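These are my notebook entries on one structure. I set down what I looked up, entry by entry.

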Amino acid sequence: MTYKQETIKPYGEQGDKGWQVEHMFDRIAHSYDLLNHCLSLGIDRRWRRAAIDSLRPFAPRYILDVATGTGDFAIMAAKRLQPRSLLGVDISEGMLKVGRKKVLRADLADVVTFQREDCMALGLADNTFDALTVAYGIRNYEDLDRGLGEMLRVLKPGGRLVIIELTAPRRAPMKQLFWLYSHVLMPLVGRLISRDRHAYSYLPATMEAFPQGEEMQGILRKAGFAEVQFRRFTFGLSTLYTACKPKKP
């Protein structure tokens, strides 16, 4: 099945989405963190903490952070959950370079490591991780069903999945305010700071197109996950999904 956000590309129709997303994030890596926190007014840190803390009852020792970007979520997870190891993977080497510097500054190099991976075809063994997280990256997937299949494969039976993603509010007046923010303010500020006129038009477009709530819940169940739940934050600006890989019979 093809989902609407899979057809949206940063730089037009030429070239596959995966390559375009990699190129886009390489281009904006230098300003990504500043824009993230600035455009969300810092609220994203609270959303990230809530997502990470949903894993506390399960005390995961081996964590995979997919679409890790510059590693903010991975580093926060390592500090709050204290796993034995946390691997962050991303398609953009430019983003990972920024993340590696942060890990050194945080003195977490013995716990957190990064490597370049295509989320559509992870070069990782089956049944490896106790928990898998994706923070604000899953809407960029070229093939959502395929990416979810890879997550299920590398999770251990009983392993936990946590996805947190930006979503578009659907009720007035937040719906109208979000439209102005995402179609006027975000592209303008993003273009000025990142120097990429496409990236911050592409990102809000995928937010609006990405399946959310009950629809995403159904997609996760179809992919093979169990105990799928979701929780909306801040009038629907962000949504947390939690699930697990079923244990073997």
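Entry 1, the second largest pocket. I sorted the lining of the second largest pocket by class and found 13 nonpolar, 8 polar and 8 charged residues. Here Ala, Val, Leu, Ile, Met, Phe, Trp, Tyr, Cys and Pro count as nonpolar, Asp, Glu, Lys and Arg as charged, and the others, Gly among them, as polar. The model is predicted: local features need pLDDT of at least 70 and side-chain atom pairs count only at pLDDT 80 or more, while totals for chains, interfaces and linings use all residues. Residues are numbered from 1 along each chain as its sequence is written, and side-chain values use heavy atoms, with hydrogens and water left out.

I noted a volume of about 400 Å³ for this second largest pocket. Of its 29 lining residues, F25, A67, D90, G137 and N140 are the closest to the centre. A pocket is an open set of points on a 1 Å grid over the protein atoms alone, where a 1.4 Å probe fits, with protein on both sides within 12 Å along at least five of seven lines; lining residues have an atom within 4 Å of a point. Grid points are joined across faces, edges and corners, and the volume is the space filled by probe spheres set on the points.

Helices α1 (17-28), α2 (32-39) and α4 (72-81) each supply at least two. Helices (H or I, at least four residues) and strands (E, at least two) are DSSP runs, numbered from the N terminus.

I found α1 packed with α8 (residues 199-209) at about 125 degrees, their axes 11 Å apart. Axes are lines fitted to C-alpha atoms, for helices over the stretch in contact, and angles run from 0 to 180 degrees between N-to-C directions. The two helices are therefore oblique to each other, since angles under 35 degrees count as roughly parallel, over 145 as roughly antiparallel, 65 to 115 as roughly perpendicular and the rest as oblique. In the contact (heavy atoms within 4.5 Å), K17, V21, M24, F25 and I28 of α1 meet A199, Y200, Y202, L203 and T206 of α8. I counted 8 nonpolar, 1 polar and 1 charged residue there.

A cis peptide bond joins A172 and P173, with omega about 0 degrees. P173 lies in the loop between β5 (155-166) and α7 (174-194). D107, a residue other than glycine, has a positive phi near 60 degrees.
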